[in-house]
Amino acid sequence: MSATADPRSGRLPAGEVRAMFDRIAPRYDLLNRVMTAGLDGRWREAAAAAADVAAGGSAIDVCTGTGDLALALARRVTPSGRVLGVDFAENMLEIARQKAGERGPSLEFVAGDALALPAADDSFDAATVAFGIRNVSDLDGALAEMARVVRPGGKVVILEITTPRRLRGFYHAWFDRVVPLLGRVLGRDGDAYGYLPASVRRFPEPPELARRMSQAGLVDIRWRPFAAGIIALHHGRVPSSPR
Ligand SMILES: C[S@@+](CC[C@H](N)C(=O)[O-])C[C@H]1O[C@@H](n2cnc3c(N)ncnc32)[C@H](O)[C@@H]1O
């Protein structure tokens with residue numbers, strides 16, 4: 001591993017991010033449940049609700065991982081809608097596909113890069129990303145891609161871990177000590193869970209993320225915190241008038 005690819009810097013080349021998620025895929029869901037005390041499902045449901053998709057609608061879930069947000073969206077657009085989950089880590093996608101079972105063409109998981117989404121312009125009612133955009137090397141590029149594939153008037157939704165304004169001491173103790181320890185013990189991967197707190201620290205705080213969404217051309221941007229400000233749910237709309 002080169003000096004520029006230290007996981008504790010919170011920045012890794014895309015190939016190393018992909019390899020890391022391929023490695024931890026079998027233990028990813030268990031670690032999520034333990035680290036969030038089972039609250040992560042609720043946050044993804046809130047993200048699915050913010051996407052404003054109903055029966056017959058369509059959504060793309062970027063950095064879909066093991067597919068939980070894509071599944072929440074699929075429950076909303078069923079039976080005639082369509083959800084596409086995109087991720088570049090095949091082992092994560094394999095677990096997503098197992099969970100989706102026999103849902104058929106309404107829910108599909110494909111390999112792809114958040115910076116070059118395998119979708120045409122204006123082709124979805126909503127684009128979502130949960131706990132993924134922080135890992136993408138070019139935040140503005142990822143926002144632009146999500147905005148590109150959503151039709152005018154559609155939603156872009158981002159669920160992400162963030163640094164709270166209060167309880168910073170507790171938060172840093174949890175993230176810098178407990179999370180890497182759980183990662184080493186349960187995930188058998190100290191690097192991955194040393195990378196996690198560092199990647200959160202270097203990610204923009206909520207007002208700055210809202211500004212970057214606006215810079216990507218989105219309008220009506222709102223955000224709300226969950227879990228005492230540890231999690232932020234941002235959403236915005238692609239303008240209805242021609243871009
Ligand atoms: C922390 S996981 C989140 C998975 C899922 N969205 C969830 O809610 O649990 C981050 C995911 O982002 C994916 N990822 C990171 N950078 C990516 C990129 N540039 N293109 C596609 N997927 C990417 C990783 O492979 C990983 O599966």
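**Strand β7**

I began with β7 and found 7 of its 7 residues buried, so the strand is largely enclosed by the rest of the structure. I keep in mind that this is a predicted model. Next I checked which way the side chains go. Ile231, Leu233, His235 and Arg237 point one way from β7, while Ala232, His234 and Gly236 point the other way. Both sets are buried.

Which strands does β7 pair with? On one count, β5 and β7 pair in the antiparallel sense over 7 bridges. I picked out one of the partners there: leucine 159 is bridged to leucine 233 in β7. Then I looked up β6, which also pairs with β7 in the antiparallel sense, over 6 bridges. Here phenylalanine 226 stands opposite isoleucine 231 of β7. β6 and β7 make a hairpin with 4 residues between them. In that turn I noted alanine 227, which has a positive phi of about 50°.

I zoomed out to see where β7 sits. The sheet is open, has 7 strands and mixed pairing, and its order is β3-β2-β1-β4-β5-β7-β6. The edges are β3 (107-111) and β6 (219-226), each pairing on one side only. Ignoring direction, neighbouring strands of the sheet are turned by 15° against each other on average.

I then went to the β3 end. β2 (residues 82-87) and β3 run parallel and are joined by 5 bridges. Leucine 84 has glutamate 108 in β3 as its bridge partner.

What packs on the sheet and touches β5, β6 and β7? I found helix α8 (residues 206-215) doing this. Its direction makes about 20° with that of β7.

**Helix α5**

My next stop was α5 (residues 139-149). Its buried residues are Ala142, Leu143, Glu145, Met146, Ala147 and Val149. I wrote down what they pack against: the strands β1 (58-62), β4 (124-130) and β5, plus helix α8.

**Arginine 151**

I looked up arginine 151, which is in strand β5. Buried or partly exposed? Arginine 151 has 15 C-beta neighbours inside 10 Å, so I put it down as partly exposed. Leaving out residues up to four places away in sequence, arginine 151 touches Asp122, Phe124, Asp125 and Val238. I checked one of these by C-alpha atoms: aspartate 125 is 26 residues apart from arginine 151 along the chain, and the two are separated by 5.9 Å.

**α1 against α4**

Now a helix pair. The axes of α1 and α4 come within 7 Å and cross at roughly 30°. Angles under 35 degrees count as roughly parallel, so α1 is roughly parallel to α4. From α1, the contact uses Phe21, Asp22, Ala25 and Tyr28. From α4, it uses Glu90, Asn91, Met92 and Ile95. By class I get 5 nonpolar, 1 polar and 2 charged residues in this contact.

I followed up on isoleucine 95, placed in helix α4 (residues 90-100). How many other C-beta atoms lie within 10 Å of isoleucine 95? I read 19. A buried residue needs 20 or more, so isoleucine 95 is partly exposed. Setting aside neighbours within four places in sequence, isoleucine 95 is in contact with Ala25 and Thr66. Alanine 25 is 70 residues apart from isoleucine 95 along the chain, yet their C-alpha atoms are separated by 7.7 Å.

**Around the ligand**

Which residues come nearest to the ligand? There are 21 residues around it, and I listed Cys63, Gly65, Ala89, Ala114 and Ala130 as the nearest. By class, the shell has 13 nonpolar, 4 polar and 4 charged residues. Helices α1 (14-35) and α3 (68-77) each supply at least two residues of the shell. α1 gives the most, with 4 residues.

**The chain overall**

The protein chain has 8 helices and 7 strands. It has 243 residues, and 44% of them count as buried. Taking contacts between residues at least 6 apart in sequence, 71% join residues at least 24 apart.

Notes
Residues numbered from 1 in each chain as written. Predicted model: local features only at pLDDT ≥ 70, side-chain atom pairs only at ≥ 80, totals over all residues. Buried ≥ 20, exposed ≤ 12 C-beta atoms within 10 Å, placed from the backbone. Contact = placed C-beta atoms within 7 Å. Near = placed C-beta within 6 Å. Nonpolar A, V, L, I, M, F, W, Y, C, P; charged D, E, K, R; others polar. Pairing = 2+ DSSP bridges. Axes fitted to C-alpha atoms, helices over the stretch in contact; angles between N-to-C directions. Parallel < 35°, antiparallel > 145°, perpendicular 65-115°, else oblique.
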